Amino acid sequence: MKFLCVPCDSPMKLQSVGPPERGSLSVVYSCPDCGYEMAMLTNAYETQLVQSLGVRIGPAPSGVEGPRVEAAASGSKCPFSAMIPGNEGAAERPPGEPIPVRWTAAAEARLANIPEFVRPMARTGIEKFAQKRGALAVDEEILDAARDFFGM
Amino acid sequence: MKGYHDIAGDGGSRVLEQVVEQRARITDGLAGVRHLVAVGSGKGGVGKSTLTLHLAGALRARGLRVAILDADFNGPSQARMAGVQGALFVPGSHKVALPRTANGIGVFSMGSLVPESEALDFESTAQGESHTWRATREFALLGEILGSFEWGTLDLLMFDLPPGAERTVQYADFLGPRASFVLVTIPSEVSLGVVARSVAALSKGPNRVLGYVENMSGYYCRDCNAVKPLFASGESPGLGIPCLGTVPFDPELARHCDRGIPLEDLPGTPVGRALDHVAQQLLDSLP
């Protein structure tokens with residue numbers, strides 16, 4: 001979908017994506033020539049259509065990350081994470097609860113590379129694997145050991 | 001006044017750009033895969049999953065590198081049958097390592113993620129209207145899986161498709177002309193009729209249909225060591241595509257599938273020999 005400022009005959013540029021409310025997104029466009037602003041307000045079906053494509057509306061994640069359509073719509077960053085039972089908030093622990101196994105930055109970076117719908121399950125499973133081996137931290141060595149152990 | 005095609009870009013929403021990027025990730029992820037083979041039917045309950053797993057086993061026994069993607073997200077069965085229900089998904093340097101069976105077949109199945117007591121569910125802003133968006137979301141999920149798992153260097157990546165002639169065609173569209181199709185039927189006119197619809201639908205596209213397999217073509221009686229009729233015999237109208245082979249039903253094999261353990265003596269049985277024959281026919285028919 002593209003928007004044209006008819007008086008200027010200029011393509012409008014996306015300015016911001018507002019936080020969705022009750023399934024509706026507010027996407028603001030402006031004309032680079034006259035500065036006129038307009039907002040596209042989606043209904044729930046339109047929001048869902050974009051969400052189903054697994055894309056975000058707005059700039060690429062490098063730089064300032066724009067709001068993701070799926071994030072606001074579902075309360076989760078990933079359009080698929082919530083479909084796994086027990087995933088809801090699995091990666092977040094209540095404040096004050098002791099962290100059973102620490103993750104090194106390098107291991108966290110590897111975890112961040114995998115799809116969010118798999119991540120909570122992977123985190124829990126790898127922590128259990130580390131605990132069984134008596135490790136206090138999940139590092140790249142533990143990840144590689146898990147791969148070997150499970151024959152990957 | 002400018003029209004849609006007069007305007008370069010999309011003003012910053014990047015929706016189309018991201019869809020193109022998704023396709024590029026899939027292409028990149030499958031760059032090391034020599035053949036994409038989708039095992040479908042159109043008809044449900046004809047043994048697509050069992051056949052996929054055991055064809056993969058027969059191909060693996062020939063030394064080929066094989067993986068299975070259980071594309072039946074709503075009724076995944078490969079995790080149980082392949083014994084990877086409790087598989088751990090381990091992040092590699094960039095992608096997720098693929099769980100493997102004891103004999104080295106890579107398997108992705110939603111059954112490793114979603115317990116059998118739960119249905120696959122997607123959050124939605126359009127509650128009660130899932131018929132309008134669910135298929136789109138499932139294909140986006142398929143793309144995410146293809147782009148984010150380590151498929152590596154494979155001779156064959158086999159897709160275990162869900163039932164439905166229209167779904168078979170949707171997978172053909174999504175996977176593109178690289179994907180070849182094997183269709184599975186059983187020797188009943190009802191099944192043949194449904195599979196014929198899939199053949200007709202696929203014939204309109206660019207995908208190669210390698211042939212069909214007649215599954216449950218009799219049953220193997222271990223007591224008699226003989227294959228006996230399971231369906232009333234009659235003149236089959238055929239499907240107008242090559243028959244890659246017929247495979248008898250083996251209750252013992254079904255029992256092992258339920259338990260997720262391999263049937264050790266399978267290669268020496270009529271069923272094992274039939275599967276081996278189909279595997280060879282499949283290899284011979286690949287481009």
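**Close-up 1. Helix α5(B) passes helix α6(B) in a right-handed crossing, a crossing being right-handed if the near helix is turned clockwise from the far one by less than a right angle, and left-handed if anticlockwise.** This is a predicted model, in which local features need pLDDT of at least 70, side-chain atom pairs count only at pLDDT 80 or more, and totals for chains, interfaces and linings use all residues. Residues are numbered from 1 along each chain as its sequence is written, and chains are lettered from A in the order in which they are written. Helix α5 (residues 165–175) and helix α6 (residues 189–202) of chain B pack at an angle of about 30°, with their axes 9 Å apart; helices are DSSP runs (H or I, at least four residues) numbered from the N terminus, and axes are lines fitted to C-alpha atoms over the stretch in contact, with angles from 0 to 180 degrees between N-to-C directions. That angle makes α5(B) roughly parallel to α6(B), a term for angles under 35 degrees.

**Close-up 2. Helices α1(B) and α4(B) cross in a left-handed sense.** B:Gln22, B:Arg25, B:Ile26 and B:Gly29 of α1(B) make the contact with B:Gly143, B:Leu146 and B:Gly147 of α4(B), where contact requires C-beta atoms, placed from the backbone, within 7 Å.

**Close-up 3. Chain B touches chain A through 47 residues, which are in contact with 51 residues of chain A.** On the side of chain B, α4(B) gives the largest share, 7 residues.

Technical notes. Helix = DSSP H or I, 4+ residues; strand = E, 2+ residues; numbered from the N terminus. Parallel < 35°, antiparallel > 145°, perpendicular 65-115°, else oblique. Contact = placed C-beta atoms within 7 Å.
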